[in-house]
Amino acid sequence: MAALAFILSGWDVDMWAKAMHACDPSVHVRRYPEDMGRPEDIHYALVWRPPPYVLKRLPELKAVFSLGAGVDAILADKTLPDVPIVRIVDQDMTMRMSEFVVMHVLMHHRQQKRIDENHRAKLWDSFATHAASALSVGIMGFGVLGQDAGEKLKHMGFQVAGWSQSKKQVPGIDTYAGREELDAFLARSDILVVLLPHTPETTHIIDRELIRKLSRKGPFGAPILINAGRGKLHKQADIIECLDRGELYAASLDVFEEEPLPQDDVLWRHPKVYVSPHLAADSDPKTICRNVLRQIKALEGGGMLENVVDRRRGY
Ligand code: NDP
Ligand code: OXD
């Protein structure tokens, strides 16, 4: 009896099992850790931050489906079996991330913190504003999520640039690729949006040296950082130092080196920072279960899996 198992850390396994049954009541669902049944019956694992050594104990595993777009926590398991790892590429998730990115770019661009402070102080300060076209937004990690957010910002009038590993061609957006073109990309970015995956190559890529290479020609005189990729992409201490020295104008952080962000972290009360608890683009159980079932059916019918992770690249 082939079964699929949900192996989740920090997510509600019952909610996911219910969503799977709503998509197809005939599917045999297992739940880690209390209801795994016979390991040899499990052919597919649906995971979010799976604990190490769990997947390796499933001898008949055919594929691992990440329930999120990022697979860093899966690849961190040194005992990962040699089966395809599929990541989520899903329109619902893409739209949610674009909402988050557009919202934060606009909040900085329209100086929402200043308006909120003035509101609290009952201060009628009708300060000068500028056009979207005065700002250049650089999207670091110009993949599925980065390109969608970039398109939406472009339509709002921002100048947009994208940086990725391989060169992209997107009408109306200037693209940069590889370490050779990184400095040129940074030098033109007034707002840096980080949507990279966390890999050995991108760990701590956002540090004080990188921040110092960002544009200072924009209307705020110092750059703005938005990180919705992973916390391990940045050095939090460097971000705080750059904010305090005025080398960064402001930041929006959805992801952190340690999650949840510890209670005593200065970021919680930093006046120049928006903090959100890793919710930029949630995984919707219904849409994602449907997507996974479609892929399993295709595979069982002799077809190919989509969005298979390249383990060598790490994303
Ligand atoms: P993609 O794989 O589609 O895009 C990743 C992009 O990063 C690609 O353009 C890739 O280049 C580029 N890239 C990777 N490594 C490098 C490198 N060393 N140098 C330059 N560019 C690099 O992923 P998604 O857009 O779907 O997702 C991006 C990340 O967003 C996820 O990995 C995850 O960490 C994060 N995320 C966060 C969420 C949240 O709620 N905060 C929700 C969902 C995702 P190339 O195109 O050439 O391969
Ligand atoms: C993801 C996330 O990677 O939610 O999908 O962080």
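1. **How to read the model.** In this predicted model, local features need pLDDT of at least 70 and side-chain atom pairs count only at pLDDT 80 or more, while totals for chains, interfaces and linings use all residues. Residues are numbered from 1 along each chain as its sequence is written, chains are lettered from A and ligands numbered from 1 in the order in which they are written, and side-chain values use heavy atoms, with hydrogens and water left out.

2. Start by finding the shell of 29 residues around ligand 1, where Arg87, Val144, Ser166, Lys168 and Tyr315 come nearest. Here, a residue is near a molecule if one of its heavy atoms lies within 4 Å of it. The shell contains 14 nonpolar, nine polar and six charged residues. In this scheme Ala, Val, Leu, Ile, Met, Phe, Trp, Tyr, Cys and Pro count as nonpolar, Asp, Glu, Lys and Arg as charged, and the others, Gly among them, as polar.

3. A polar contact with a ligand is a pair of N or O atoms within 3.5 Å. The side chain of Tyr315 places an N or O atom 2.5 Å from an oxygen atom of ligand 1.

4. **Where the ligand 1 shell comes from.** Domain 1 (3-88 + 283-300) and domain 2 (91-275) each give at least three residues to this shell. The domain bounds come from an automatic or database domain assignment.

5. **Ligand 2.** Which residues surround ligand 2? They are Trp48, Gly68, Ala69, Gly70, Met93, Arg230, His278 and Ala281, a set of four nonpolar, three polar and one charged. From Arg230, a polar side-chain atom lies 2.7 Å from a ligand 2 oxygen. The protein covers 88% of the 210 Å² of accessible area that ligand 2 has on its own.

6. **The second largest pocket.** Now look at the second largest pocket, with a volume of about 490 Å³. Its lining has 27 residues, and Asp72, Ala73, His198, Arg230 and Lys232 lie nearest the centre. By class, the lining has nine nonpolar, seven polar and 11 charged residues. A pocket is an open set of points on a 1 Å grid over the protein atoms alone, where a 1.4 Å probe fits, with protein on both sides within 12 Å along at least five of seven lines; lining residues have an atom within 4 Å of a point. The volume is the space filled by probe spheres set on the points, which are joined across faces, edges and corners.

7. **Backbone details worth a look.** Tyr32 and Pro33 are joined by a cis peptide bond, with omega about 0°. Another cis peptide bond joins Glu259 and Pro260, with omega about -5°. Finally, Gln111 is a residue other than glycine with a positive phi, near 55°.

Definitions and conventions. Polar contact = N/O pair within 3.5 Å; in protein donor to acceptor, adjacent residues only side chain to side chain. Areas by Shrake-Rupley, 256 points an atom, 1.4 Å probe, with all protein chains shown as cover.
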